[in-house]
Amino acid sequence: MGFTIEDALRESKKRYKMTLLAGEEGCSNAMSWIQMVEDKTILQQLWGKELVVTTGLGFQSQEKLREFIEQLIKYHSVGLVINTGKYIFDIDQDIIDYCDELSFPLLTVPWEIHIADMIKDFSYHCLRAERDDKYINQTVMDTLINPAIIEEINLQGTLMLKMISKLWQFL
């Protein structure tokens, strides 16, 4: 299932004063990791599904910010969090509309928020979700390929049916 932006908003909205500006329809996409990016040259190193965080140092003009977002979408990022108040103060409506149109989550957190804490917190959630997903997948695979487990399930199912049958007799 993974850790999603929706999860991040629900669990951390107050703590990090996070605001969703655009792309609500994309908030259910699972993120693989959190990546701090201040320069476009690093974007080709993204694997995809990362939630990108920036202070906006390298994207201070609205034109550069728009180009940055276009590149994030190209490299399959799940969203962008902008730490506003130092380098970026406002985000133009056309950028918000663009993100909405492409269901690309655009979020802000105010400058007083320590983004290192947020990145650490979200990274922990991503790692935990990945671990849980692997455990569930392995359990399902073990169940499907292990005859003893299948026999156990069949035996329990048969016993359950017998118990239900006896209960019906009394009704």
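How do the residues of the lining of the largest pocket divide into nonpolar, polar and charged? The structure examined here is a predicted model, in which local features need pLDDT of at least 70 and side-chain atom pairs count only at pLDDT 80 or more, while totals for chains, interfaces and linings use all residues. Residues are numbered from 1 along each chain as its sequence is written, and side-chain values use heavy atoms, with hydrogens and water left out.

The lining of the largest pocket comprises three nonpolar, two polar and five charged residues, where Ala, Val, Leu, Ile, Met, Phe, Trp, Tyr, Cys and Pro count as nonpolar, Asp, Glu, Lys and Arg as charged, and the others, Gly among them, as polar. A pocket is taken, on a 1 Å grid over the protein atoms alone, as an open set of points where a 1.4 Å probe fits, with protein on both sides within 12 Å along at least five of seven lines, and lining residues have an atom within 4 Å of a point. The space in the largest pocket amounts to about 150 Å³, a volume being the space filled by probe spheres set on the points, which are joined across faces, edges and corners. Of the ten lining residues, G2, F3, D7, R128 and A129 lie nearest the centre of the pocket. Two or more lining residues are given by each of α1 (5-16) and α4 (115-145), and the largest share, four residues, comes from α4.

The protein as a whole has five helices and seven strands, arranged from the N terminus as β-α-β-β-β-β-α-β-α-β-α-α; helices (H or I, at least four residues) and strands (E, at least two) are DSSP runs, numbered from the N terminus. Of its 171 residues, 37% count as buried, that is, under 20% relative accessible area with a 1.4 Å probe and protein chains only, as against exposed at over 50% and partly exposed in between. C99 is buried because its relative accessibility is 0%, and C126 is likewise buried because its value is 4%. With a disulfide defined as a pair of cysteine sulfur atoms within 2.5 Å, the count is zero.

Among contacts (heavy atoms within 4.5 Å) between residues at least 6 apart in sequence, 73% join residues at least 24 apart. K17, in the loop between α1 and β2 (19-22), has its C-alpha atom 5.8 Å from that of V109, although the two are 92 residues apart along the chain. Leaving aside residues up to four places away in sequence, K17 touches S12, T108, V109, P110, E112 and I113. K17 counts as partly exposed because its relative accessibility is 46%.
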